[in-house]
Amino acid sequence: MSWNRHYSELEKLLVDILAETDFAITVQEIAKRIEEKKPGTFTGKTPSNSLYSVIYRRENRRKQRGHEPLLKTIKEGRSVYYTLNDTPTDVAGNEIAENE
């Protein structure tokens, strides 16, 4: 999948997967479901690390620019589970603009 600094197709796929599930799931499970849904999305050896990088960068950018986070994290033991936050998901994958 091609990489773009402003838009993220992977984030759109992430939101689609989380919208289909009624419970929180790990990055590894999300990466597996994305690969099943759209084979060839990940080209590296560690798809879950690539997905985590996208989540980390985009959520951090949202925080820096004053937006609500797209994802909610739940920590249980050593595992981190993700689910959609109550924010609108139509912004997923789009450029994160400065909040005025």
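A: In this predicted model, T26 lies in the loop between α1 and α2.

Q: Does T26 count as buried or exposed?

A: The cut-off for burial is a relative accessible area under 20%. T26 has a relative accessibility of 11%, and therefore counts as buried.

Q: Leaving aside neighbours within four places in sequence, which residues is T26 in contact with?

A: With those neighbours set aside, T26 is in contact with V80 and Y81. Y81 in β2 also stands opposite I74, and this leads us to the strands.

Q: In what sense do β1 and β2 pair, and over how many bridges?

A: As a general idea, in a regular strand the side chains alternate between the two faces of the sheet. Here strand β1, residues 71-76, and strand β2, residues 79-84, pair in the antiparallel sense over 6 bridges. The two strands form a hairpin with 2 residues between them, and G77 in the turn has a positive phi of about 65 degrees.

Q: How should I read the nonpolar core, and which residues have the most contacts inside the largest one?

A: In soluble globular proteins, nonpolar side chains tend to be buried together. In this chain of 100 residues, 34% count as buried. The largest nonpolar core has 20 residues, and those with the most contacts inside it are L10, L18, I30, I34, L51, I55 and L71. The elements that give two or more residues to this core are α1 (9-20), α2 (27-37), α3 (47-64) and β2, with α1 giving the most, 6 residues.

Q: Which residues of α2 are buried, and why do they line one face of the helix?

A: The buried residues of α2 are V27, I30, A31 and I34. Seen down the axis of α2, these buried residues fall within an arc of 100 degrees, so they line one face of the helix. The face turned away from that buried side carries the exposed residues Q28, K32 and E36, whereas what covers the buried residues of α2 includes α1, α3 and β2.

Q: Why does S48 count as buried, and which residues is S48 in contact with, leaving aside its neighbours within four places in sequence?

A: S48 lies in helix α3, and because its relative accessibility is 17%, S48 counts as buried. Apart from those sequence neighbours, S48 is in contact with V27, Q28 and A31. The C-alpha atoms of S48 and A31, which are 17 residues apart along the chain, are separated by 5.5 Å.

Q: What is the volume of the second largest pocket, and which residues line it?

A: The general idea is that rolling a probe the size of a water molecule over the atoms shows where empty space is left. In this model the second largest pocket has a volume of about 240 Å³. Y52, I55, Y56, E59, N60, K63, P69, L71, K72, T73 and Y82 line this pocket. The elements that give two or more residues to the lining are α3 and β1, and the largest share, 6 residues, comes from α3.

Notes:
Residues numbered from 1 in each chain as written. Predicted model: local features only at pLDDT ≥ 70, side-chain atom pairs only at ≥ 80, totals over all residues. Heavy atoms only, no water. Pairing = 2+ DSSP bridges. Helix = DSSP H or I, 4+ residues; strand = E, 2+ residues; numbered from the N terminus. Core = buried A, V, L, I, M, F, W, Y, C linked by side-chain atoms within 4.5 Å. Buried < 20%, exposed > 50% of the residue type's maximum accessible area, 1.4 Å probe, protein only. Arc of directions from axis to C-beta. Contact = heavy atoms within 4.5 Å. 1 Å grid on protein atoms, 1.4 Å probe; cavity = no way out; pocket = protein on both sides within 12 Å on 5 of 7 lines; lining within 4 Å. Points joined across faces, edges and corners; volume = space filled by probe spheres on them.
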